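Please look through the structure shown below with the report beside you.

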Amino acid sequence: MMCRRYIGKYITNLLALILLPSLLWCQNKKVSNTTYLTQIKAEMNVRQDYVKALSIAKAAAKDYPRNVDFQFLMAKLYLLNKDSVRGERKLTEIITKVPTYKDAYLTAASLYVAKGNEQKALNILDKGLDRYPGEYQMLAKKLDILALTRDYANADKQADRLLRTFPKDSSVLKKYVDYHNEAGNYYLKHGGLDKAFSQFEMALGTSPRNTQAIEGSLSAILLQGNDQNSLAFINQLLAKHPESYELWMKKLGLLQQMRRYPEALESLQQMQKKFPSNGKLSQLSQELPLEAARYYKKMDPYYEYLSVLEKSPANKEALNNVINMAISRNMNQEALVWIDKALRISPNDKDLLAQKQNLLEKGGRYGQAAAIAAKLMYINPSTFTKQTYFDLELKRARDFAVQGLYDSAEVVYQTVLRIEPKQQQAINGFVNLLAEQKQYASAIQQLNRAIGFYPDDINLKIKKGSIFQQNGDFDQAAAVFLKLYETHPQNQIVRAGLEDASLSAARSSMQVMDYDQALILYKRVEQLDPQNKEVLNSLINIQLAGDNDTGNKDALEWINKALGYYPNDQAFMIKKSAVLFKLKAYQDALLINDSLHQRYPYNTTIKGNYSEQLSTAAMHFLKRGDTLSSTAAWIKLRQLNPKDSLALLALININQQQNRFDTALQLSDTALSIYPENTAFLMKKASALESLNRFKEAADVAKNLERINPESHKYSDYAAYLRSKSYHNQLGFSFLNSHFDSLAPANIATIQYSHLGKKMTLTGKLNFAGRAVGTGLQLEVEAYIQHEKKWYSYGNLAIANKVVFPKWRAGYSLFHNFAKSWEAELGARIIDFDSLKSVSGVASLAHFFGDFWTNIKGYASFLSGNQYTALTLTARQYLNEKTDFFYATMGYGNSPDDLSRLYDFNQNLKFTTYSIGAGYQKMFNYRNSISINGTWYNQKIANGWFRNQYDIYITFFRKF
């Protein structure tokens with residue numbers, strides 16, 4: 001038991017030791033400022049327990065003495081707890097110690113206003129605004145306090161300051177307008193109408209549609225008692241607010257008050273259009289006219305005279321006054337009624353008839369007016385009454401014409417002309433009527449009749465020319481105007497008529513392709529109007545239509561004249577360039593087009609013309625051998641259109657012709673970057689690479705050509721040719737079979753290897769010859785060496801085992817190529833036998849013509865003091881790009897170059913020998929070649945003894 005107690009006590013002490021530091025830490029830990037703030041706001045705003053909130057704020061201020069927010073909350077809570085003294089003291093302390101704390105100024109100002117000390121509130125705000133001059137709440141608070149104290153002079157300034165600081169803030173705009181409305185209402189109540197109007201105007205300046213400001217300003221001006229000013233102001237407001245029903249009603253009431261009934265009625269009509277469903281306006285539309293009528297009836301003498309006529313209908317004075325007053329008031333229908341009543345009393349009264357005629361004319365009742373005019377003309381015949389009658393009849397005719405009643409109009413004109421055949425207005429009107437109906441022949445007939453009456457009247461003749469022109473008879477019109485122009489050259493109407501008629505006649509001639517007549521007419525117009533573009537263009541086009549040098553030169557003269565008037569005219573510049581080009585003045589034409597293109601770089605027509613001219617000129621320059629100018633033109637075309645394939649191709653060709661293969665290759669690559677698989681440009685690139693001896697690259701390009709054009713043998717053949725150019729080695733085998741009619745057959749087999757170099761081809765051969773006496777072996781080396789473009793040489797050296805072949809032999813020839821495919825050879829051959837040595841001189845002449853090659857070669861051989869001659873004539877016909885050929889040969893004597901004759905050459909030289917042979921060589925893919933030929937030799941051994949030899953020679957070569 002004792003033990004158990006001891007253990008319990010020990011555990012208790014141990015837990016106390018463990019928990020004591022934690023409890024002490026918790027006791028010393030402060031509440032966070034966020035927690036304090038949350039607690040204060042909960043008590044202050046939610047529970048509204050201001051006493052507890054103040055207690056928490058004090059604790060927070062004690063724990064966080066530098067946190068001004070807690071100091072400010074204390075001040076607010078003092079005020080909420082009705083302790084204004086401590087609240088004021090705390091706010092003063094905050095403003096003094098922390099002058100940057102904005103809310104303190106605002107709260108302090110509110111406190112002083114509540115205490116009735118507005119001046120101190122303003123001082124506090126001024127102090128805050130010194131530090132924060134653009135702070136909205138302080139500015140707004142100051143405006144409120146100034147308005148509260150009715151200090152409107154300073155309040156106006158403060159309102160303006162607030163608006164300047166925040167010109168786009170909607171809340172500021174509203175406050176500004178509300179302030180001025182409030183000030184305006186104050187002045188309105190206290191009789192300051194001018195100041196009230198000024199305040200409302202300032203509100204409207206910021207918010208033109210503000211209803212309170214509109215009503216206030218209107219009330220201010222109406223209370224001043226000046227109806228005219230009030231009406232003017234209402235009209236100003238309506239201009240800004242045309243849909244305001246209240247403004248319209250005020251205007252209507254004011255007009256009624258001013259007894260301006262016509263304007264009031266007009267305003268009422270406008271209001272009914274704007275507010276059609278308004279019942280009050282419908283009622284006013286009945287009441288207002290009655291009100292106006294009652295007013296005017298009391299004031300109007302017209303009604304006085306009507307009352308007289310009610311009692312005395314024949315009273316002449318009253319009738320005259322009623323008629324005159326009705327006419328003056330445009331009451332024409334009423335006036336006509338009273339005139340008719342008066343005419344029943346005095347039927348032939350000229351004044352009444354004249355008044356009725358005038359009223360009927362005003363009303364457009366020309367027929368009735370003309371009937372009255374006819375009566376007046378009968379009663380009082382005079383020039384005036386006659387002309388008046390004509391005028392009315394002519395108006396009647398024109399009115400018929402306007403309505404499309406042409407027959408009625410024609411009857412009227414004919415009536416007038418029967419009375420007065422020379423009446424010019426009737427003639428003109430009748431002619432116009434006929435022309436309008438396209439009765440041009442009748443119109444011309446009437447004009448001829450009128451011209452008979454008035455032969456010197458130029459206007460009639462002008463009209464005649466115009467009618468001809470309307471009828472499309474341009475030649476007749478031009479003839480009329482030309483005759484007039486001869487007598488009246490200064491008359492601008494005649495001049496213009498001649499120009500228009502001649503121009504129309506010229507166009508008509510152009511349509512029927514009568515260019516000679518058109519040229520005459522256009523030249524006439526050009527004399528009248530030298531700067532007429534259409535005429536100048538037509539004169540140019542007519543000359544160009546001839547398409548000959550004379551016409552082109554004449555066109556160029558007209559173009560130069562046109563450019564004198566229009567120096568930078570695009571169309572004329574284009575024509576000049578085209579004409580110069582036709583006249584083969586290519587450089588001048590190109591200069592113009594270049595200038596045009598620089599001025600109008602995006603004009604596709606100019607660019608197209610320039611491109612076409614450049615390509616044509618470039619080809620012309622090339623044909624006449626001017627490569628430099630041609631190149632310049634092609635380059636310019638490429639600058640104009642870098643993708644122009646014709647220019648690229650031409651530049652490649654020129655560079656290849658001038659052996660500038662690097663440039664040709666570069667241009668080919670450029671072209672292929674634009675047209676990647678274009679056959680022509682691939683061929684040009686391969687050709688350039690071939691000319692640069694870059695055969696492997698050329699072959700790769702040709703292989704691409706072969707891929708693109710699988711059906712064309714030409715490209716596969718060219719690819720094979722180029723590949724063959726990259727082969728520098730060749731292995732060959734040949735076999736010679738000689739058959740004799742009196743000896744055993746003989747064979748010679750040869751195996752050879754050649755190295756094909758740029759400047760030299762070196763070949764090594766091993767010849768085998770089997771005979772009854774043994775096997776002959778001969779080792780042979782030969783070389784072809786290119787010295788210069790036109791010079792090359794051939795050398796040969798061979799040694800043998802003397803069984804069949806000579807002990808050794810050597811040879812050398814020098815070749816020279818001449819112009820026109822001629823070639824000459826000069827050389828020597830030496831053959832050494834055991835006991836004899838033969839020396840031969842050789843000369844040959846060869847010539848290519850077309851696909852044929854011919855060669856004649858002569859030998860002069862010397863042996864044992866004797867000279868022997870041999871001649872060989874060879875002809876070949878080449879096929880397939882000179883790779884395959886047929887050939888034939890004829891010979892006399894024995895040649896030291898003939899392999900089949902070398903055996904026992906010292907004896908063969910002595911025999912007269914004739915030979916003839918033929919053969920064919922075929923090359924496959926420019927790599928493998930095979931040839932076969934046969935030769936027949938006929939030797940004269942002795943008199944009457946001949947020996948025949950038949951050779952078959954087969955060769956095969958392969959390059960690698």
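The report below takes up strands, aromatic rings, charges over rings and one glycine.

## How the model is read

This is a predicted model, in which local features need pLDDT of at least 70 and side-chain atom pairs count only at pLDDT 80 or more, while totals for chains, interfaces and linings use all residues. Residues are numbered from 1 along each chain as its sequence is written, and side-chain values use heavy atoms, with hydrogens and water left out.

Helices (H or I, at least four residues) and strands (E, at least two) are DSSP runs that are numbered from the N terminus, and two strands are said to pair if DSSP finds at least two bridges between them. Strand S4 (residues 774–786) pairs with S5 in the antiparallel sense over 9 bridges, and tyrosine 784 has tyrosine 794 in S5 as its bridge partner. These two strands, S4 and S5, form a hairpin with 4 residues between them.

S5 also pairs with strand S6 (residues 808–818), again in the antiparallel sense and over 9 bridges; here the bridge partner of serine 793 is leucine 814 in S6. Strand S5 (residues 791–800) is mostly covered, since 7 of its 10 residues are buried, where buried means under 20% relative accessible area, exposed means over 50%, and partly exposed lies in between (1.4 Å probe, protein chains only).

Strand S12 (residues 912–924) and strand S13 (residues 928–942) run antiparallel and are joined by 13 bridges, with asparagine 933 in S13 as the bridge partner of glycine 919. The hairpin of S12 and S13 has 3 residues between the strands, and asparagine 925 in its turn has a positive phi of about 55 degrees.

S13 pairs in turn with strand S14 (residues 945–959), in the antiparallel sense over 14 bridges, and lysine 940 stands opposite phenylalanine 946 in S14. The hairpin of S13 and S14 has 2 residues between the strands, and glycine 944 takes a positive phi near 80 degrees there.

## Aromatic rings

Rings of Phe, Tyr and Trp (its six-membered ring) pair if their centres lie within 6.5 Å, and planes under 30 degrees apart count as stacked, over 60 as edge-to-face and the rest as tilted. A search of the whole structure finds 28 aromatic pairs. One of them is formed by tyrosine 136 and phenylalanine 166, which are edge-to-face at 5.7 Å centre to centre with 90 degrees between the planes. This pair links distant parts of the chain, 30 residues apart, with tyrosine 136 in helix H8 (residues 136–148) and phenylalanine 166 in the loop between helix H9 (152–165) and helix H10 (170–189). Tyrosine 136 counts as partly exposed because its relative accessibility is 27%.

Phenylalanine 886 and tyrosine 920 form a tilted pair, 4.6 Å centre to centre and with 35 degrees between the planes. Phenylalanine 886 lies in strand S11 (residues 884–892) and tyrosine 920 in strand S12, so that this pair, too, links distant parts of the chain, 34 residues apart. Tyr152, Tyr179, Tyr186 and Tyr187 form one aromatic cluster.

## Charges over rings

A charge sits over a ring if NZ of Lys or CZ of Arg is within 6 Å of the ring centre and within 35 degrees of the ring normal. Lysine 341 lies over the face of tryptophan 338, at 4.1 Å from the ring centre, and the charged end of arginine 876 sits over the ring of phenylalanine 885, 4.7 Å from its centre.

## Glycine 253

Glycine 253 lies in helix H14 (residues 245–257) and counts as partly exposed, because its relative accessibility is 33%.
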